[in-house]
Amino acid sequence: QVQLVESGGGLVQAGGSLRLSCAASGISFSPDFMDWYRQAPGKQRELVASINRGGSTNYVDSVKGRFTISRDNANNMLYLEMNSLKSEDTAVYYCFVPPDYIWRFPGAWGQGTQVTVSS
């Protein structure tokens, strides 16, 4: 059974840092892509950062230069280092592995971890 478990969220002051982790279990292949999404109250879920198996990354403009996504392919771990946090970064952060049709993987979401940035 596939399970994604996020950790590392919490309450931090503006300008502070947090490191999120996502442990993916029950996946028998190394996903092409692994993503971090976030959803703030009253807003749609948005893609924050994405990384492929080779380490190429993409970020939403609002976090460029502040957030760093990384992964450990051998252990199917995903990370998000968040620096210079702002109040607008407050959201529930989700780990996501997209569907893979070759491996017949339907995709999976984690349960989310709350990040609250106080100003």
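These legends go with a few close-up views of a predicted model. Local features need pLDDT of at least 70 and side-chain atom pairs count only at pLDDT 80 or more, while totals for chains, interfaces and linings use all residues. Residues are numbered from 1 along each chain as its sequence is written, and side-chain values use heavy atoms, with hydrogens and water left out.

**View A. A four-stranded open sheet.** The strands (DSSP E runs of at least two residues, numbered from the N terminus) line up as β1-β3-β8-β7, with antiparallel pairing. Pairing here takes at least two DSSP bridges between two strands. At the edges sit β1 (3-7) and β7 (67-72), each pairing on one side only.

**View B. R19, its bridge partner and a ring.** Strands β3 (residues 18-25) and β8 (residues 77-82) pair in the antiparallel sense over six bridges. R19 has E81 in β8 as its bridge partner. R19 also lies over the face of Y79, 4.1 Å from the ring centre; for Arg, that call needs CZ within 6 Å of the centre and within 35 degrees of the ring normal.

**View C. F29 and two aromatic partners.** Ring pairs have centres within 6.5 Å; planes under 30 degrees apart count as stacked, over 60 as edge-to-face and the rest as tilted. F29 and W103 are stacked, at 5.2 Å centre to centre and 10° between the planes. F29 is buried (under 20% relative accessible area) because its own value is 8%.

How values were computed:
Phe/Tyr/Trp six-rings, centres within 6.5 Å; stacked < 30°, edge-to-face > 60°. Buried < 20%, exposed > 50% of the residue type's maximum accessible area, 1.4 Å probe, protein only.
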